[in-house]
Amino acid sequence: MFEIFGIPSQALFGQLLLGLINGSFYALLSLGLAVIFGMLNIINFAHGAQYMLGAFVAFFLLQYLGINYWLALVISPIVVGLTGIVIERLFLQWLYKLDHLYGLLLTFGIALIIEGVFRNYFGSSGLPYRAPELLQGGQNLGFMFLPNYRAWVVVFSLVVCLTTWFVIERTKLGSYLRAATENPTLVRAFGINVPRMITLTYGFGVGLAALAGVMAAPIYNVSPQMGANLIIVVFAVVVIGGMGSIMGAIVTGFGLGVIEGLTKVFFPEASNTVIFIIMAIVLLIRPAGLFGRRA
Amino acid sequence: MATAELTFGAASKPAQSRSELIAFAVMVVFLIVAPAFLYPVFLMKALCFALFACAFNLLIGYVGLLSFGHALYFGWASYVSAHLAKVGTISLPYWVGSWKWLVIPLPPLSPELAILGGTLFAAFLGLIAGSLAIRRQGIYFAMITLALAQMMYFFAVQAPFTGGEDGIQAVPRGNLFGLISLADPIAMYFTVVVIFLAGFLMIYRIIHSPFGEVLKAIRENEQRAISLGYKTDRYKLAAFILSATFTGVAGATKAIVFQLASLTDVDWPMSGEVVLMTLVGGLGTVFGPVIGAFFVITLENYLTKIGQWVLVVQGTIFVACVLLFRRGIVGEIAHALRIRL
């Protein structure tokens, strides 16, 4: 055990790890928001509620069907993604020709509905969800104790983020997607079914949120409020990073998580607000965001 | 990407101020006779929210800016006003090597001064948040205002004078101008009516002034307004501060009426609620926010028994408004009758 800046290494690295974990959720969620915004021109206010939904689906699968974490990691995003597709077909598709703000208001309404239903049945107390057997316990690294599950969350979310980046920026499917973001009419003229692409994009973005929810379930308790407060922080992350760049969303997400973790060590009073303060500073210095293009 | 504008209730109708005058007269008569058959506390709550929604509508309805953080001004004005009315003494932290407190000793203030103090603080917050938020447009504007409001929510949780989860309770209503005791419900009610009508008329005046015309020009086409030589950022900031100020009046008054300032009023669901009221009543209509506020407050009164389902009902109204009637109640009526309201 040793000290850095008068802080025991255990505390410092512990908070740094927690910061990285929060950062992986920020990254996954802001990535989903950016992908959805790129295609649909809608800010998905229901993203937090869908993250919560992902955690609850994993909880239900384990509780009522005995389906374990690893399968939930696959099933829950698909299930929640399908509900996203239904929402897009039923509601969102009528809004594309209207002002962006209506999309925000509509998805806000959907978030209220989802949250209200779950609060009604599950109150505000959290439900525990055990980490899978394989990832119980941890490693003693000498300078800190590393719980296996937390290491897994950081690594896996990094893999998911980078895969998403690769698919969008480096594959043919991704190039269709980017082209449709730039000029949907022209892409349609080439015979590509853009409306279906939009629907699937929304489903995918929502699925990412649900995936983050499943990963969060063993760390935080599963509760109806878990998404509501997180989504506001993610909005700040998106304002800081700008939604123009996929890699930007990933880097900003992880970076801000780490900064938040360090703040918890050095100036705990500000740990709730530090991201918002950074947002204010970024707005003063670089109004378009760190990775944003000036509109 | 072609996107049509927000749908406003009566955007392009010619001036027909007669319909507005009649509606105003009906409203005043209603407010005078209402306490005879409706519970005054309910009416005062609805009026505070009506002014709140009118102030919010000034921004979304006439400049086209959606603020998702108006609870910030509402809640903080109510804290400041409650504190001034109950304690008075102001302690400000400052930094000289270590944190020190600058203490301004004040006696508990009379209600009009407490409301004024809360309002001024809201205006100050509006200046800061507004100058940050107008640096980005559209969707980002909404996210920034929401994030800033959430930041100040955390301050409200941590600051010593707000009383955390308890809030500031048992705020004395005091004597208006040192003369009229507001402990009397009817005196309190008519004070709130006067404050509401004054705020309503001032907002009406702002909307129909040359300044208001420039705001509408910015809403319709900001680039065009810029090319006509208007410094649109200044107009937007001024509108933002005005909106925050009137919101502050509403919040500060509410603290005196209910003798309470609490975290509920600074938290983000409150920001959502005022959006709902304005949307239901009709964006960009003069009377819409008032009708919307009465509608939502009445609804909540009847729905308190069903607990968390309130959220579901509110969410459903949001969805229905956005998909089916974007003009809102007053907007649809005005559209059907071809008048301005």
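The model is predicted, so local features need pLDDT of at least 70 and side-chain atom pairs count only at pLDDT 80 or more, while totals for chains, interfaces and linings use all residues. Residues are numbered from 1 along each chain as its sequence is written, and chains are lettered from A and ligands numbered from 1 in the order in which they are written.

Let's begin with chain A as a whole. Chain A holds eleven helices and four strands; helices (H or I, at least four residues) and strands (E, at least two) are DSSP runs, numbered from the N terminus. The C-alpha trace of chain A spans about 65 × 50 × 35 Å along its principal axes. Its radius of gyration is 19 Å, which agrees with the value near 19 Å for a compact globule of 295 residues. Here the radius is taken over C-alpha atoms, and the globule rule is 2.2 Å times the number of residues to the power 0.38.

Of those 295 residues, 51% count as buried. A residue is buried if 20 or more other C-beta atoms lie within 10 Å of its own, exposed if 12 or fewer, and partly exposed in between, with C-beta atoms placed from the backbone. Two residues are in contact if their C-beta atoms, placed from the backbone, lie within 7 Å. Among the contacts in chain A with a separation of 6 or more, 76% join residues 24 or more positions apart.

Leaving out residues up to four places away in sequence, Gly19(A) touches Gly257(A), Val258(A), Glu260(A), Gly261(A) and Leu262(A).

Now look at where the chains meet. Chain B gives 39 residues to the contact and chain A gives 37 residues. On the side of chain B that touches chain A, the largest share, 13 residues, comes from H5(B). By class, that side has 25 nonpolar, eleven polar and three charged residues. For this count, Ala, Val, Leu, Ile, Met, Phe, Trp, Tyr, Cys and Pro are nonpolar, Asp, Glu, Lys and Arg are charged, and the others, Gly among them, are polar.

The largest nonpolar core has 206 residues, and those with the most contacts inside it include Ala236(A), Met279(A) and Met143(B). Such a core is a set of buried Ala, Val, Leu, Ile, Met, Phe, Trp, Tyr and Cys residues joined through C-beta atoms within 7 Å. Met143(B) touches Ile43(A), Phe235(A), Val238(A) and Val239(A), not counting residues up to four places away in sequence.

Finally, compare two parts of chain B. In H2(B), 18 of the 21 residues are buried, so this helix is largely enclosed by the rest of the structure. Seven bridges join E1(B) to strand E2 (residues 98-104), and the two run antiparallel; strands pair if DSSP finds at least two bridges between them. Tyr94(B) stands opposite Lys100(B) in E2(B), and Ser91(B) stands opposite Val103(B).
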